Protein chains: 2
Amino acid sequence: MKRVKCTVSYDGSRFAGYQVQPGQRTVQQEIEKALATLHKGRHVKTAASGRTDAGVHAMGQVIHFDTDLSIPETSWPAALNSLLPGDISVSKAAYADPAFHARYSVKEKEYRYRIYFSHVRSPFKHRYALRVWYSLDIEAMEAAAETVLGTHDFTSFCSAKTEVEDKIRTLKEIRFLQQDDELVICFKGNGFLYNMVRILTGTLLEIGSGKRDPGEMREILEKRNRIYAGKTAAPEGLYLWKVSY
Amino acid sequence: MKRVKCTVSYDGSRFAGYQVQPGQRTVQQEIEKALATLHKGRHVKTAASGRTDAGVHAMGQVIHFDTDLSIPETSWPAALNSLLPGDISVSKAAYADPAFHARYSVKEKEYRYRIYFSHVRSPFKHRYALRVWYSLDIEAMEAAAETVLGTHDFTSFCSAKTEVEDKIRTLKEIRFLQQDDELVICFKGNGFLYNMVRILTGTLLEIGSGKRDPGEMREILEKRNRIYAGKTAAPEGLYLWKVSY
C-alpha cells in the first residue's frame, strides 16, 4: 500500500460542501467515486485537510488516500481528472510517507476572502466573490486586523455551533490585496475554527464601512462570545487557498 | 406606452440558451418572469439583439420591451435585478424611440472567444473559457484571420442547419488579445450567422496548432460549404460582448 497526497481545486458553487452527505452532491463523494472506478469498484477512503461549506471554493485543498495500484506519481492527476467532473481538478499528486495525514499533519492554512465593488451585481462574480456597493476604509480594517494576530481563544469569531473544545488558534497574518475593483483578504494561521474566516471578514467589513470602530475588534476577541462579533460573511467569497505541511 | 432598451449580462452556464423553450431554464424566460411580476402578472414581450446558445455568455446583450409603468429610466436596472436570479444582471436601461428595435436596429456586434492555456483543467475556468494544452502560433492565426475580413458569403463558416437565406455578412475586425495565460479573440461585424464565431474560432485554432495552413482560411471561405471549415469551438468560451446601434 502506498499513501498518495493530492492537491485539489474546486468551484464550490454546485456542491453541498466538501464532506459526504447522503443524497447531496459533495466534493468528497465525487473524488471517492472516481477512486472507486480506478480501483475496480472498491471503496477508497480519503482524508482532507478539513471540510469546506456549501458554496466555498478551494484552490489548494489537500487530501490523502492509500492505494495498491502502481501508477507513477505524475500520472495520478490525469487519471483522476479524466473521471472527475469539470468543477473539480487534481493539480498535483505525490507519494507520501505513511505517517503523513492530510488533516493531522497540517502546519499552516491560508484562506482568502474575495470582495468586489460594484453598484450592479456581476453575473460572473456573484458565486465567486462578495459584492460590496459602499466604499471601505482599508486602513481601519488593517488596524483592526492587527489587534487579533497571534495566539488567542477565538470563541468570539467562531460559530456557536462548534463542537471543538479547544478554541485557541494562532492567526499569523491578515493581508489586504487590492486589485482593480476587488479586495482580497488573506488569512494565514495554524488552523481555523468553524466559520472563523467568514466571521472575521464580516466583522472587518463592519469596521471598513464605519459601522464599528477598529478598536472593537480586540474587545470582541476578549469577550469570548460569538454574539459580539459581526455577521458571518457569505460563503461564495471564501477560498481555501493553500495548506502547508 | 414607452419603449425600454436594456443592456443585460449573463453567465450562460446554467441556461439552455437565451430563447424561451418550454420546460427549460432560459434567459428570456427569467427576464419575462421578472417583467410580469413588475406588471402585476401581465406578460410583457421582449425582443433581443439575437439568441445565444446553451452555455454561451453575454456581457452586453441588448433587449427592448414596451411598458406603461412610469418608472424613472435609471431605476429600471435595480427594479429588474431585485427580481432576477444572480446569473442575470441588467447593467443599463434607457427609454428609446418607438422605432428602436433590439434586433432590427443593430449596426454592429462584437463577440469574444476566450481561450486559456493549461495542462490541467481549471475548475474556475472550465465553464468560462476553452482549455488548450498545446501552444498556438498567433501570427499564423492573425494572417489567416486577415483573409476573411470584409463582405463575403460566409456559408462555409455557419452551421449547415441555418435557415437564413442571405449568408452575406461583413466581418470588420478580428483582434487577438493575449494576457497572462489567456488568449481572447475579438470579432466585430455587422451581423453573424448561426455558429459563425465558433466555427471561425475552431478553424483558427486548427491553423494555430499547425494542423492547417493559414492560406486555407480563404480557400474554405470560397468553397461556400460548411464541411471544409474546422470544428465548431465549444460554447463555454463565447461571449456576446457588445451590440451597437
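Is A:R212 buried or exposed in this predicted model? At 17% relative accessibility A:R212 counts as buried, and its salt-bridge partner is A:E216, with the closest N and O atoms 3.3 Å apart.

**Salt bridges**

- Over all chains the count comes to 32 salt bridges, whereas the count between chain B and chain A is zero.
- B:E30 forms a salt bridge with B:K33, the closest N and O atoms being 3.6 Å apart, and both residues lie in helix 1 (residues 27–38) of chain B, three residues apart, or about one turn of the helix.
- An α-helix has 3.6 residues a turn, so residues three or four places apart point the same way.
- In chain A, salt bridges that share partners join A:R25, A:E30, A:K33 and A:D87 into one network.

**Helix 3 in chain A and chain B**

- In helix 3 (residues 138–146) of chain A, the residues A:I138, A:A140, A:M141, A:A144 and A:A145 are buried; they cover an arc of only 160° around the axis, which puts them on the same side of the helix.
- The face of helix 3 of chain A that is turned away from this buried side carries the exposed residues A:E139 and A:E146.
- The buried residues of helix 3 of chain A pack against strand 8 (168–179), strand 9 (182–189), helix 4 (196–208) and helix 5 (216–223) of chain A.
- At the N-terminal end of helix 3 of chain A the cap is A:D137, a side-chain oxygen of which lies 3.2 Å from the backbone nitrogen of A:E139.
- In chain B, B:A140 lies in helix 3 (residues 138–146) and is buried, with a relative accessible area of 11%.
- Leaving aside neighbours within four places in sequence, B:A140 is in contact with B:I207 and B:P214; B:A140 and B:I207 are 67 residues apart in sequence and 6.8 Å apart in space, C-alpha to C-alpha.

**The surroundings of B:H152**

- B:H152 lies in strand 7 (residues 150–153) of chain B and counts as buried at 15% relative accessibility.
- A polar atom of the side chain of B:H152 lies 3.5 Å from the backbone oxygen of B:V148.
- Not counting residues up to four places away in sequence, B:H152 touches B:K167, B:I168, B:R169, B:R218 and B:L221.

**The interface of chain B and chain A**

- The area buried between chain B and chain A is about 1900 Å², of which carbon and sulfur atoms give 55%.
- B:R14, B:R121 and B:F124 supply 38% of the area that chain B buries against chain A, more than any other three residues.
- In terms of contacts, 25 residues of chain B are in contact with 25 residues of chain A, and 15 residue pairs, both at pLDDT 80 or more, are found in polar contact across the interface.
- Strand 1 (2–10), strand 3 (57–67) and strand 4 (88–96) of chain B each supply at least two residues of the side of chain B that touches chain A, and strand 4 of chain B gives the most, with four residues.
- The residues on that side of chain B divide into twelve nonpolar, eight polar and five charged.

Note on methods. Residues numbered from 1 in each chain as written. Chains lettered and ligands numbered in written order. Predicted model: local features only at pLDDT ≥ 70, side-chain atom pairs only at ≥ 80, totals over all residues. Heavy atoms only, no water. Buried < 20%, exposed > 50% of the residue type's maximum accessible area, 1.4 Å probe, protein only. Arc of directions from axis to C-beta. Contact = heavy atoms within 4.5 Å. Polar contact = N/O pair within 3.5 Å; in protein donor to acceptor, adjacent residues only side chain to side chain. Buried area = accessible area lost by both parts, 1.4 Å probe. Salt bridge = Lys/Arg side-chain N within 4 Å of Asp/Glu carboxyl O. Nonpolar A, V, L, I, M, F, W, Y, C, P; charged D, E, K, R; others polar.
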